[in-house]
Amino acid sequence: MEPVNLMELDGNKLKEFLASFDHVFSDCDGVVWAKTPLPGVGKFFELMQRLGKTVHFVSNNSLRTKENYESLFQAAGIKSGFDNLTVPSSAICEYLKSVNFNKTVYCVTCPETISVLESHGFKCKEGPEVGNYYYGDYIEYLTDDEEIGAVVFDSDFKVNLPKMYKALTYLKRPEVLFVNGATDRYVPLKPGSLALGTGIFSDIVSEESKRQPILLGKPGKAFGEFAMKRAGVTDPSRVLFIGDMIDQDVGLGRASGFKTLLVLTNKTKEEMMSHESLKPDYYADSLGSLVPILS
């Protein structure tokens, strides 16, 4: 089925669209804000709530602090945004608790994920931040550490060969958990342009270790289920997921059974239509462009 352009629907079709979901799950970066809030986003979510929809946010970005998220939500005119936000770091903590994890986590993650893990009582190891130039010296990174019981990847933009050597060494033990937060192979650094993300490196480790990680970031089904649990949602077919990235956002919707709306803030219509395997149910230029129509 071809994606439906919400901008072109008549009144009756828009009513059918609005009646098809009870809950809105939305990505943040590229949907709600770039460096600053995108026009009309606050009014869009206010309109959704007036129409009786619950509103929640689901992001792959564990890099931001609580204070940073709260200031961005406030600038966008969105109340209680952080309280209704799910990110990989919180999902990873809840997963480790659920399996009664009591060893040390080796973190190839951003500092904020380490901070969140430690705040939940988990012991973490990380690094090194700099490797040697001579490859023969890398033998030191092939030494196992029996304290390590999990390897966690999540948005480490300082990832390097020593960290990957260590991760691969620990993952040789089958009992060591392999957990992945953000899997983004590309990230939007400026409007209309994508750059390499950290997902490429966790993919390499997965391939070399011949192990599939537990995906606790988009597009992992387990992450979608965790977001539903936090939001108190039981029926995925009544969720509309809004995003700007096809592989992460539409992929999460497909894996979780959500309806999907792609905003074309970082993708063109041509790019959307040419994707080999994933297409959204609906698309629009932006959330702000929908406010006059849905009003």
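The following legends describe close-up views of a predicted model.

Residues are numbered from 1 along each chain as its sequence is written, and side-chain values use heavy atoms, with hydrogens and water left out. In this predicted model, local features need pLDDT of at least 70 and side-chain atom pairs count only at pLDDT 80 or more, whereas totals for chains, interfaces and linings use all residues.

**Figure 1. The largest cavity and its lining.** The search of the whole structure finds 1 cavity of 30 Å³ or more, and about 50 Å³ of space lies in the largest cavity. On a 1 Å grid over the protein atoms alone, a cavity is a set of points where a 1.4 Å probe fits but cannot get out, and lining residues have an atom within 4 Å of a point. Grid points are joined across faces, edges and corners, and a volume is the space filled by probe spheres set on the points. Among the lining residues are Val108, Phe153, Asp154, Asn180, Phe201 and Ser202. The elements giving two or more residues to this lining are β7 (148-154) and α7 (199-209); helices (H or I, at least four residues) and strands (E, at least two) are DSSP runs, numbered from the N terminus. By class, the lining has 5 nonpolar, 4 polar and 2 charged residues, where Ala, Val, Leu, Ile, Met, Phe, Trp, Tyr, Cys and Pro count as nonpolar, Asp, Glu, Lys and Arg as charged, and the others, Gly among them, as polar. Ser202, in helix α7, counts as buried at 1% relative accessibility (buried means under 20% relative accessible area, exposed over 50%, partly exposed in between, with a 1.4 Å probe and protein chains only).

**Figure 2. The largest pocket.** The volume of the largest pocket is about 730 Å³; a pocket is an open set of grid points with protein on both sides within 12 Å along at least five of seven lines. Of its 31 lining residues, Asp29, Asn61, Val187, Pro188 and Leu189 are the closest to the centre. Strand β9 (186-190) and helix α9 (246-256) each supply at least two residues of the lining, and β9 gives the most, with 4 residues. The lining divides by class into 12 nonpolar, 10 polar and 9 charged residues.

**Figure 3. The second largest pocket and the Asp203–Arg185 salt bridge.** This pocket has a volume of about 310 Å³. Its lining comprises 18 residues, of which Thr183, Arg185, Asp203, Asp247 and Gln248 lie nearest the centre. Asp203 and Arg185 form a salt bridge, with the closest N and O atoms 2.5 Å apart (a side-chain nitrogen of Lys or Arg within 4 Å of a carboxyl oxygen of Asp or Glu). The pair links distant parts of the chain, 18 residues apart: Asp203 in helix α7 and Arg185 in the loop between β8 (177-180) and β9. Asp203 is partly exposed at 31% relative accessibility, as is Arg185 at 35%.

**Figure 4. The salt bridge between Glu129 and Lys163.** The side chains of Glu129 and Lys163 meet at 3.3 Å, N to O. Glu129 lies in the loop between β6 (123-126) and β7 and Lys163 in helix α6 (residues 161-170), so the pair ties together parts 34 residues apart in sequence. Glu129 is partly exposed, with a relative accessible area of 41%, whereas Lys163 is buried at 2%.
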